[in-house]
Amino acid sequence: MSMGKISQQIKKFIPRRIGYTLRRLKLWYGRMRYRGNNFYCPVCEHGYRFFFDGGFDLPVISEMEIVGAGKRPNAICPGCSSNDRDRLVLLALKNQKYNFLPADKLLHIAPEPSLATWLGNYQMKHHGQYIKGVKYHEGFYYGNDVHLIDLLQLPFKSDTFNLVICNHVLEHIPDDVAAMKEILRVLVKGGQAILQVPWSMKLDETFEDPNIQSIDDREKFFGQFDHVRLYGRDFPSRLRSVGFDIKVLSVNDLDLNKDTITSFGLNSKELIFVARKA
Ligand SMILES: [Zn+2]
């Protein structure tokens with residue numbers, strides 16, 4: 001069993017509210033304890049002596065060169081627990097060139113806690129609505145302001161949101177195309193969605209097989225016990241197939257220099273998938 005699965009099993013025994021409070025205490029301690037100047041976190045906007053290593057390794061992750069997975073040095077901020085991907089997404093959101101923010105109505109699915117804190121403050125300051133939702137499953141802690149929703153049946157009218165953020169969710173959903181259609185439906189015309197997934201640089205075509213069901217097999221083929229596929233380089237085409245216009249941003253599109261990429265602890269291979277409702 002992988003570390004990811006083990007840690008989820010342990011968390012199952014800690015009630016949601018206690019887990020949430022413990023997490024906040026741990027981050028407060030991290031912010032004090034590891035303060036410094038070697039790294040800077042654009043999410044919690046503090047400097048640190050170091051970032052923690054993050055992720056876990058499985059053979060398929062290195063063999064298939066999966067971006068957005070695997071053990072990574074300097075990945076986790078000790079003060080807000082943002083990881084390399086969260087920080088990259090935030091830098092894209094902050095970049096005025098791409099018109100993500102401020103958003104009149106923002107829907108954040110399975111909200112990364114560090115990003116959610118930043119976005120909550122930002123949206124409040126700019127009088128934008130900020131709705132967070134998740135399909136709850138044990139072992140994940142969210143505050144009471146996170147609604148329990150099903151991505152396959154979003155409880156919102158069509159043409160509602162200017163921005164949807166839904167990262168590292170689609171690879172868990174058997175009918176991901178139906179989920180993509182739901183996101184498209186609730187976006188206003190011209191609205192944008194940021195849809196990050198782990199994907200393999202080596203795969204031309206996404207690999208999925210409904211016979212791969214067991215935890216061991218999913219780890220072996222998809223790189224995580226609860227993933228149902230491994231996306232390939234065709235991920236943008238899959239999004240296009242439901243009607244999205246796709247823009248793929250790299251670190252180079254975010255006006256970041258080499259020093260910034262290092263001190264912000266970013267993964268320069270990571271791409272940002274932006275889906276726009278035409
Ligand atoms: Zn941070």
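Strand β6 (105-109) and strand β7 (residues 129-134) run parallel and are joined by five bridges. Strands here are DSSP runs of E with at least two residues, helices are runs of H or I with at least four, and both are numbered from the N terminus. Two strands pair if DSSP finds at least two bridges between them. One of these bridges has Lys105 with Gln129 of β7 as its partner.

Before I go on, this is a predicted model, in which local features need pLDDT of at least 70 and side-chain atom pairs count only at pLDDT 80 or more, while totals for chains, interfaces and linings use all residues. Residues are numbered from 1 along each chain as its sequence is written, and side-chain values use heavy atoms, with hydrogens and water left out.

Back to β6. Together with α5 and β7 it makes a right-handed β-α-β unit. Right-handed means that, with the strands pointing away from the viewer, the path from the first strand over the helix to the second runs clockwise. Which other strand runs parallel to β6, joined to it by four bridges? That is β9, where Val164 is the bridge partner of Leu107. Four of the five residues of β6 are buried, so the strand is mostly covered. Buried means under 20% relative accessible area, exposed means over 50%, and partly exposed is in between, using a 1.4 Å probe and protein chains only.

From β9 we can move on to β10. Strand β9 (residues 161-166) pairs with strand β10 (residues 187-194) in the parallel sense, over four bridges. Leu163 has Gln192 of β10 as its bridge partner. With helix α6 (residues 176-186) between them in the name of the unit, β9 and β10 make a right-handed β-α-β unit. β10 also pairs with strand β13 (residues 272-277), this time in the antiparallel sense and over three bridges. There, Ile194 has Val274 of β13 as its bridge partner.

Now the loop between α4 (84-94) and β6, where Asn99 lies. Is Asn99 buried or exposed? Asn99 counts as exposed because its relative accessibility is 62%. Pro102 is in the loop between α4 and β6, and the peptide bond from Leu101 to Pro102 is cis, with omega near -5°. Asn95 also has its place in the loop between α4 and β6, but Asn95 is buried because its relative accessible area is 11%.

The side chain of Asn95 makes a polar contact of 3.4 Å with the side chain of Asp255. A polar contact is a pair of N or O atoms within 3.5 Å; within protein, one must be able to donate a hydrogen and the other to accept it, and residues adjacent in sequence count only if both atoms are side-chain atoms. Asp255 lies in the loop between β12 (244-249) and α9 (258-263), and counts as exposed because its relative accessibility is 57%.

Next, backbone angles. Most residues other than glycine have a negative phi, and most peptide bonds are trans. Asp255 has a positive phi, near 55°. His168 is not a glycine either, and has a positive phi of about 55°. His168 is found in the loop between β9 and α6, and counts as buried because its relative accessibility is 14%.

Thr206 is in the loop between β11 (199-200) and α7 (215-222). It is buried, with a relative accessible area of 13%. What does the side chain of Thr206 reach at 3.2 Å? It reaches the backbone nitrogen of Gly232. A polar contact of 2.7 Å also joins the side chains of Thr206 and Asp234.

Last, the second largest pocket. Its lining has 24 residues, and Arg23, Arg24, Leu27, Pro113 and Thr117 lie nearest its centre. A pocket here is an open set of points on a 1 Å grid over the protein atoms alone, where a 1.4 Å probe fits, with protein on both sides within 12 Å along at least five of seven lines; lining residues have an atom within 4 Å of a point. The elements giving two or more residues to this lining are α2 (16-33) and α5 (113-125).
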